[in-house]
Amino acid sequence: MFTKMMKNFYSLLALILLVSAVVLCVQLISNARLNQKIKGDVAELNSIKYGMFSIDAWKGHLTPIVTAELDKLSVSDQTERELREHVAIVLNKMIDEAAAKIEQANRKTTGGKVKQAFIDMFVDIKDVKTGIPEYTDAVMRELMKPKTKRQIKSMLNKQVTEFATKTADAQDDSRLKAIVEEMGMKDVAAARAKLDESRATTQRLVAIQSALLIGLGIALFLLFAFAKPRAPAHFVILVLALVTLLAAGVATPMIDMEAKISKLEFMLIGHPILFEDQVLYFQSKSIMDVFWLMMTDDQIQMKLVAILVVSFSVIFPLLKVVSTVAYYFDFKGAKERAAVKFFVHHSGKWSMADVMVVAIFMAYIGFNGVISSQLKGLNFPDSGVDIIATNGTSLQPGYYVFVAFVMLSMLLSGMLKRSNLR
């Protein structure tokens, strides 16, 4: 009687842990997907195409600088002397051109010829030019008046503003505007701040839920290992826990690949130019995301690879789990079937799920190394340009959940191989 009660107690406790794991799995997948979307939106808002590669962004930096420099515009003694010389040259040239045009116009008619004869007789251009220093002084006095300087600065600022208005970015920013509108914000900066806060919150929640899910899986195995006697229902619960871990592992992002320029700063005419968080590349993908991406590709080779990916990461592990159940209950003599024995006793060494874990890990290391080495090439020591390039590639909770599934499934196979688990 006591033995039966203990068996029922262990089974009930295991069932409670399984239900908790299933609920947690659903929440984890939902939150991980939300976090994935938030990260994608953040990467879009910070994309380099809206920053360093955007005409509007550069216009926003350069227009205030030019305006500020025009407001500080002043004429030094040296500049005034050079300007005076230039005005004198212009006046001299203007007098010559005016005389030439008058003469040319007068040569066309008889009356004009008579008029030109009187001009030649009574007007000497050299005498007119002797007054150029006085004319120059008059022009310079007018130019140096505060009112004239303000008018010139106002005219130049107006011209700069007009040039800025006519200069527009041709790239499509519809997605950028859609994200800002979706966030209910008025501008990109406010939307970015809200998204950063949401990303930190959901990332922390996903990490906690992943750790709890893995912990529940381990707890179920420990409970099964120490439970005496063991009920068949408890074994079924173990298998369902493995399926739960597999579902969470393949449906949640496993890796984030990001390359960005965290800071680009330099001085232009004494004014700082600063660009921050310029995202060059970002992808956050789960196994199912990769599968769907390849399946929707037009190339048949990509579709074949997609089938291989889902086969090795989902179908093969599920067959292993199903074979384990069939072996445990010896369903229709399953213990003697070669295929079942292979999946239960021998597939652990060659499991494609294990291979998938290694492949993802190696891809992480490879991409991480490539991006790090390439970003180092963006640094220019002693150039006056301060560049901080950042590699944000990182493994995500989905990867560790998948690893937990692989390890626990291998543990279950080992337990079956050593004993009948009864």
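**Before you start**

This is a predicted model: local features need pLDDT of at least 70, side-chain atom pairs count only at pLDDT 80 or more, and totals for chains, interfaces and linings use all residues. Residues are numbered from 1 along each chain as its sequence is written, and side-chain values use heavy atoms, with hydrogens and water left out.

**Whole protein**

Colour by secondary structure. The protein has 15 helices and four strands. Helices (H or I, at least four residues) and strands (E, at least two) are DSSP runs, numbered from the N terminus.

Now colour by accessibility. Of the 422 residues in the protein, 37% are buried. Buried means under 20% relative accessible area, exposed over 50%, and partly exposed in between, with a 1.4 Å probe and protein chains only.

Next, contacts, meaning heavy atoms within 4.5 Å. Among the contacts in the protein with a separation of 6 or more, 77% join residues 24 or more positions apart.

**Stop 1: Arg84**

Select residues 77-106. This is helix H3, and Arg84 sits in it. Is Arg84 buried or partly exposed? Arg84 counts as partly exposed because its relative accessible area is 29%. Show its surroundings: Arg84 touches Thr136, Asp137 and Met140, not counting residues up to four places away in sequence.

**Stop 2: Val180**

Go to helix H8, residues 174-182, and pick Val180. Val180 has 9% relative accessibility, so Val180 counts as buried. Setting aside neighbours within four places in sequence, Val180 contacts Leu45, Met185, Lys186, Asp187, Val188 and Ala191. Draw a distance to Arg192. The two C-alpha atoms are 8.4 Å apart, and the residues are twelve apart along the chain.

**Stop 3: H9 against H10**

Select helix H9 (residues 188-226) and helix H10 (residues 232-251); their axes come within 10 Å and cross at roughly 160°. Axes are lines fitted to C-alpha atoms, for helices over the stretch in contact, and angles run from 0 to 180 degrees between N-to-C directions. H9 and H10 are therefore roughly antiparallel to each other. The angle classes are: under 35 degrees roughly parallel, over 145 roughly antiparallel, 65 to 115 roughly perpendicular, and the rest oblique.

H9 passes H10 in a left-handed crossing. Left-handed means that the near helix is turned anticlockwise from the far one by less than a right angle; right-handed means clockwise.

Show side chains. From H9, the contact includes Leu213, Ile214 and Phe224. From H10, it includes Phe235, Leu242 and Ala248. The residues of the contact of H9 with H10 divide into 13 nonpolar, two polar and no charged. Here Ala, Val, Leu, Ile, Met, Phe, Trp, Tyr, Cys and Pro count as nonpolar, Asp, Glu, Lys and Arg as charged, and the others, Gly among them, as polar.

**Stop 4**

Select strand E1, residues 255-268, and find Glu258. Glu258 counts as buried because its relative accessibility is 13%. Its C-alpha atom lies 8.8 Å from that of Ala43, a residue 215 positions away along the chain.

Move to strand E2, residues 271-285, which holds Ser284. Ser284 is buried because its relative accessible area is 7%. Which side chain makes a polar contact with that of Ser284? The partner is Asp256, at 2.5 Å. A polar contact is a pair of N or O atoms within 3.5 Å; within protein, one must be able to donate a hydrogen and the other to accept it, and residues adjacent in sequence count only if both atoms are side-chain atoms.

Stay in E2 for Asp277. Its phi is near 50°, a positive value in a residue other than glycine. Asp277 is partly exposed, at 31% relative accessible area.

**Stop 5: H11 against H12**

Select helix H11 (residues 287-295) and helix H12 (residues 300-329); the axes come within 7 Å and cross at roughly 155°. H11 and H12 are therefore roughly antiparallel. Their crossing is left-handed.

**Last stop: Ser409**

Finish in helix H15, residues 397-418, at Ser409. Ser409 is buried, with a relative accessible area of 6%. Beyond its neighbours within four places in sequence, Ser409 contacts Leu242 and Lys320.
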